[in-house]
Amino acid sequence: MNKTVFITGSTSGIGEACAFRFAASGARLILNGRDRKKLQTLKEQIEAKYTAEILLLPFDVREREAARLAIENLPDEWQTIDVLINNAGLVLGVDKEFEGNLTDWDTVIDTNVKGLLNITRFVVPRMVKRGSGHIINIGSIAGDAAYAGGSVYCATKAAVKALSDGLRIDLVDTPLRVTNIKPGLVETNFSVTRFYGDKARADAVYNGIKPLTGYDIAETVFFAASAPEHIQIAEVLIMPTNQATATIVHRI
Ligand code: NDP
Ligand code: 8X3
């Protein structure tokens, strides 16, 4: 793929898998994350495997000014972003809505909603000006319906759906495309983060089921990004075979 792809939150899981998948296709990569060391290691790992041009763009997507400066000051040869993958996101805890930690909720809302909006706001105007580009948001099955212990996270992913739909409406008279990918259970660092580093508790989320991997999602993201220009894959709900909804899972 002869495109420049900007991935937020590329230092783990789905974002990292997308980086490898697009590198394998020959795409140029702008890799964002908030951990410079992890980003550098990722760059070296990709370069060991593929011939890929990679630019590292370390910043926290919640830091609006840092994001704006980094994107506005991209080197000339990196100014044209063809595909934006808004992937950075997280959940913290499984608290009830009337009991949860307000600071954690700020982190989740600021990252999943306002962070995604920051990047969209700074990247998309140049796409519109050029008349080409594709925005791929990583939403979630959690955005389709609330589940116990997930209301704030579910609300953020419902927001990702609304923001994806709204952007698609706002861009309907342009050649730009907007895709919302909604995964179910994907085994990444997601649950480790949710349970504040408790790996055993995180592992239990995937007990008795074959979960998706970051690579399964990356393949879907790549498929959407590779579709012919007249095809806009608006939304994809993708789950393990033994998952039916966010809460109905058959385990053996
Ligand atoms: P991971 O925890 O493995 O990866 C999340 C990535 O986002 C990490 O690289 C993390 O970096 C980065 N990140 C978090 N906060 C920020 C921030 N403020 N600025 C920049 N980067 C940040 O989880 P996943 O790969 O599973 O999650 C990726 C996306 O997929 C998220 O939006 C998540 O909601 C969504 N998703 C995940 C599902 C799953 O079951 N795993 C299912 C449905 C959707 P760091 O290492 O610094 O924290
Ligand atoms: C992650 C999927 O169901 O754990 O967005 O919330 S779920």
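So, helix 3 and helix 4 are roughly parallel to each other, because their axes cross at roughly 25° and anything under 35 degrees counts as roughly parallel. Keep in mind that this is a predicted model. Those axes, for residues 64-72 in helix 3 and residues 102-130 in helix 4, come within 10 Å. The crossing of helix 3 past helix 4 is right-handed.

Who's touching whom there? On the helix 3 side you've got Arg64, Ala67, Arg68, Ile71 and Glu72, and they meet Lys114, Asn118, Ile119, Phe122, Val123 and Arg126 of helix 4. Sort that contact by class and you get 5 nonpolar, 5 charged and 1 polar.

Right, on to the sheet. It's an open one, with 7 strands in the order 3-2-1-4-5-6-7, and the pairing is parallel. At the edges sit strand 3 (54-58) and strand 7 (235-238), each pairing on one side only. On average, neighbouring strands are turned by 15° against each other, ignoring direction.

Let's zoom in on strand 7. As one example, Ile181 has Val236 in strand 7 as its bridge partner.

Helices pack on this sheet too. Helix 8, residues 214-226, touches strand 4, strand 5, strand 6 and strand 7, and its direction makes about 160° with that of strand 6. Then there's helix 2, residues 36-49, which touches strand 2 and strand 3, with its direction at about 165° to that of strand 3.

That's my tour, thanks.

How values were computed:
Residues numbered from 1 in each chain as written. Chains lettered and ligands numbered in written order. Predicted model: local features only at pLDDT ≥ 70, side-chain atom pairs only at ≥ 80, totals over all residues. Heavy atoms only, no water. Axes fitted to C-alpha atoms, helices over the stretch in contact; angles between N-to-C directions. Helix = DSSP H or I, 4+ residues; strand = E, 2+ residues; numbered from the N terminus. Parallel < 35°, antiparallel > 145°, perpendicular 65-115°, else oblique. Left-handed = near helix turned anticlockwise from the far one by under 90°. Contact = heavy atoms within 4.5 Å. Nonpolar A, V, L, I, M, F, W, Y, C, P; charged D, E, K, R; others polar. Pairing = 2+ DSSP bridges.
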